[in-house]
Amino acid sequence: MNEYYVDKIVEENPAYKQIKWGVFRREHSDTEMLNAPKENMNLIVWTYEKVYADKIAEMLNVDEYIHERYLEEN
């Protein structure tokens, strides 16, 4: 059920260090984001607040769970 997870994204340059939180998908298809950088291959969405990322991942996991149950019943 935990197909989506939250991880820290750190962007550093000489002027500043920026921390963002990303919601990532554990698996992806070969055609998704072919031109994306390797470290962001499974990135769904990012935000500056961890609590928002946690809630988004939770909602996506619940949606995935409901979808799997629906497919099993039909």
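How many salt bridges does the structure hold? The structure holds 5 salt bridges, a salt bridge being a side-chain nitrogen of Lys or Arg within 4 Å of a carboxyl oxygen of Asp or Glu. The model is predicted, with local features requiring pLDDT of at least 70, side-chain atom pairs counting only at pLDDT 80 or more, and totals for chains, interfaces and linings using all residues. Residues are numbered from 1 along each chain as its sequence is written, and side-chain values use heavy atoms, with hydrogens and water left out.

One of the salt bridges joins the side chains of arginine 25 and glutamate 3 at 2.5 Å, N to O. Arginine 25 belongs to strand β2 and glutamate 3 to the segment before β1 (4-12), so the pair ties together parts 22 residues apart in sequence; helices (H or I, at least four residues) and strands (E, at least two) are DSSP runs, numbered from the N terminus. Glutamate 3 is buried at 16% relative accessibility, whereas arginine 25 is partly exposed at 25% (buried, under 20% relative accessible area; exposed, over 50%; partly exposed, in between; 1.4 Å probe, protein chains only). Lysine 20, buried at 8%, forms a salt bridge with glutamate 11 (2.7 Å, N to O).

The largest nonpolar core comprises 5 residues, Tyr4, Trp21, Val23, Ala53 and Ala57; such a core is a set of buried Ala, Val, Leu, Ile, Met, Phe, Trp, Tyr and Cys residues joined through side-chain atoms within 4.5 Å. Two or more of its residues come from each of β2 (17-25) and α1 (50-73). Beyond its neighbours within four places in sequence, valine 23 is in contact (heavy atoms within 4.5 Å) with residues including Tyr5, Ile44 and Leu60.
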